[in-house]
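Work through the exercises below with the sequence and coordinates open. Each task is followed by a stepwise solution.

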Amino acid sequence: MPRRTMIEAIRDAMDVSMGRDEKVVVFGEDVGFFGGVFRCTQGLQAKYGKSRCFDAPINESGIVGSAIGMAAYGLKPCVEIQFADYMYPAYDQLTQEAARLRYRSNGDFTCPIVVRMPTGGGIFGGQTHSQSPEALFTHVSGLKTVVPSNPHDAKGLLIAAIEDPDPVIFLEPKRLYNGPFDGHHDRPVTPWSKHELGEVADGHYTVPLGKAAIRRAGSAVTVLAYGTMVYVAQAAAEETGIDAEIIDLRTLLPLDLDTIVASVKKTGRCVVVHEATLTSGFGAELSALVQENCFYHLEAPVARVAGWDTPYPHAQEWDYFPGPARVGRALIETMEA
Amino acid sequence: MADAGMLRFHVPEPEVRPGGTPDFSNVTIASAGSVPRPDIDVDPRTIRDMAFSIIRVLNRDGEAVGPWAGLLSHEELLEGLRHMMTLRTFDARMQMAQRQGKTSFYMQHLGEEAVSCAFRKALAPGDMNFPTYRQAGLLIADGYPMVTMMNQIYSNEADPLKGRQLPIMYSSKEHGFFSISGNLATQYIQAVGWAMASAISNDSKIAAAWIGDGSTAESDFHSALVFASTYKAPVVLNVVNNQWAISTFQGIARGGSGTFAARGLGFGIPSLRVDGNDYLAVHAVAKWAAERARKNLGPTLVEYVTYRAGAHSSSDDPSAYRPKTESDAWPLGDPIVRLKNHLIGLGVWSDERHAQAEAEILDTVIAAQKEAESHGTLHAGGKPSTRDMFEGLYAEMPPHLRRQRQQAGV
């Protein structure tokens with residue numbers, strides 16, 4: 001099976017979708033002729049023409065607003081916001097328009113759009129190229145939110161998102177684009193070509209939205225993670241020797257609660273990990289759900305490891321990033337509680 | 001030079017406030033028939049002055065004059081009059097129903113009926129409007145059932161939107177009427193996206209975007225003009241300048257640009273101003289703009305100069321911020337009276353027939369209201385179910401919503 005980087009997998013997902021359905025159009029800032037600043041759309045304009053893949057003005061509310069109109073017409077736009085940090089001008093269009101169009105019109109109009117955006121830090125991007133705004137989307141009724149952690153899933157989830165009849169936010173952890181980064185920023189990253197999840201089948205396949213994956217089976221403690229934090233948690237488990245069960249949520253909404261509950265009931269312990277800031281983060285929702293559904297099986301309080309409640313700093317990037325040492329400490333404390 | 005270094009803050013003010021005498025002498029109005037009608041493929045740079053004039057067809061004597069006249073038959077004009085009269089009667093009944101507690105909220109069109117009623121007749125089947133809350137004439141003029149509109153206003157058991165939307169936030173794909181958001185200006189760029197999609201699909205349908213004078217200040221208005229200009233989208237960009245954004249006079253949104261139409265000039269978009277109280281002028285300009293869109297000539301910006309004779313909504317009292325008699329002083333008159341006088345002048349209408357039509361329309365509206373009320377009103381009779389609240393958010397209900405619906409016991 002061919003091995004691909006996450007960038008190539010994402011590009012392949014759009015390529016396959018555009019090839020199968022002429023209603024799929026791709027646009028955003030720099031995505032046309034140039035192929036995107038992360039090269040995720042490279043070659044799509046040459047292959048499908050300027051009507052199907054084109055450059056947009058620097059105007060995120062315009063990109064999402066026009067995509068909503070296109071979806072109402074009957075197309076299936078898959079648009080790129082260059083960095084998740086740039087999505088705020090489009091937030092009104094996403095939350096009050098895309099999310100509610102089906103509901104408010106009772107199905108008269110629908111909004112099958114995908115909004116891709118690179119998320120997370122680890123590239124010295126400072127406060128405006130590093131954010132993880134997933135909780136701002138999971139809090140909105142009517143959106144679906146997906147965070148892939150590897151090339152295989154990225155392709156299958158993106159095809160599923162494009163085929164989904166409702167708006168999907170597709171957050172791409174940019175630190176994973178070229179390899180399974182585990183938070184050890186001072187070590188070389190294994191390229192996807194040497195990782196089994198870098199295996200990406202040709203052609204069409206989907207990974208269903210709303211289904212988590214168990215990345216590491218274990219019996220001592222459940223770790224709930226997504227995106228980059230899946231590999232950070234794996235490193236922490238290896239380095240502490242704790243037999244952690246690591247669940248990669250893949251889709252935050254709809255959430256695969258059954259997989260979470262079954263695991264925590266088995267292990268009796270739970271650590272929630274994300275790169276986004278702690279307060280009112282998606283970890284708060286996860287921790288509340290675990291408490292509501294698994295309270296009588298818990299041997300220890302649910303722990304959260306997250307970004308500090310500060311803007312993402314530049315020079316102090318690795319003090320901010322919740323790396324394997326911090327996750328490992330939380331695992332040990334949860335085991336000792 | 002004494003105060004050369006002292007800056008002064010400028011806040012525009014309307015000419016007159018309550019207690020003052022209405023004065024529209026500053027509103028320059030071109031005489032009917034005086035503005036030329038260029039070819040639709042005109043170079044936009046040569047018609048920039050049209051953004052500062054006003055296209056008018058009906059003169060003071062009720063005659064249709066000039067190059068924009070002559071597009072509509074007597075039958076079509078009589079139909080247009082009936083649409084405007086129907087909308088006004090519908091509004092009056094629904095405004096009263098709101099006062100009687102049968103619904104929570106209402107917004108009427110008083111004085112602006114020509115804009116949406118005439119515009120609708122310039123579109124073809126399949127075209128799509130992205131309206132604001134004051135274009136129900138698009139539905140009336142397209143034959144959308146009044147009972148269905150009232151069911152929506154009452155949020156009753158027959159409400160096609162299942163009680164999820166504020167009154168008058170209609171939606172009808174079939175009648176080319178995009179779901180109203182109530183969230184200002186967002187629909188403007190969506191209309192451009194819809195038009196882009198039609199062009200991408202090599203279709204023949206066009207879109208119409210709608211916005212009020214006040215909301216042109218929103219960034220989505222700018223987004224729409226950028227996208228429409230860049231991609232030459234087949235869209236008519238309508239700005240309804242009814243002088244008032246709730247209590248804020250149009251000068252606060254307009255700033256120093258002179259007119260709202262002038263906003264289009266920097267984008268290279270042909271930009272026209274039209275007498276919004278002149279049914280014939282609105283229709284003629286809309287037809288011109290729609291034809292440009294359909295012939296791949298791109299967007300047109302049209303400013304309809306009109307006056308909001310009524311309150312902003314059922315929650316508003318305009319006497320607090322403008323003279324009570326300002327509406328009577330409005331120099332462009334009333335759209336229904338003007339078309340009525342034109343038709344009388346043509347010899348195809350009379351005061352008697354007008355009074356008879358008013359009575360017939362009132363009967364029709366009351367009959368529709370009775371039928372709608374048999375399905376319930378907001379606080380009495382049949383209403384959408386609690387289950388309807390949970391359904392229809394996603395194509396397939398996700399597990400967390402299913403759990404919440406069970407908790408709610410439905």
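The model is predicted: local features need pLDDT of at least 70, side-chain atom pairs count only at pLDDT 80 or more, and totals for chains, interfaces and linings use all residues. Residues are numbered from 1 along each chain as its sequence is written, with chains lettered from A and ligands numbered from 1 in the order in which they are written.

**Exercise 1.** Determine the strand order of the open sheet in chain A and explain its edges.

Solution. 
1. Helices (H or I, at least four residues) and strands (E, at least two) are DSSP runs, numbered from the N terminus.
2. Two strands pair if DSSP finds at least two bridges between them.
3. The seven strands then run S2-S1-S3-S4-S6-S5-S10 in chain A, with mixed pairing.
4. S2 (53-55) and S10 (251-253) of chain A each have a single partner strand, so one side of each lacks a neighbour in the sheet.
5. From one strand to the next, the twist averages 20 degrees.

**Exercise 2.** Describe how S4 and S6 of chain A pair.

Solution. 
1. S4 (residues 114-119) and S6 (residues 168-173) of chain A are parallel, with six bridges.
2. A:Val114 has A:Val168 in S6(A) as its bridge partner.

**Exercise 3.** Is helix H4 (residues 146-154) of chain B mostly covered or uncovered?

Solution. 
1. A residue is buried if 20 or more other C-beta atoms, placed from the backbone, lie within 10 Å of its own.
2. Seven of the nine residues of H4(B) are buried, hence mostly covered; among them are B:Met146 and B:Tyr154.
3. Just after H4(B), B:Ser155 has a positive phi of about 50 degrees.

Methods:
Axes fitted to C-alpha atoms, helices over the stretch in contact; angles between N-to-C directions. Buried ≥ 20, exposed ≤ 12 C-beta atoms within 10 Å, placed from the backbone.
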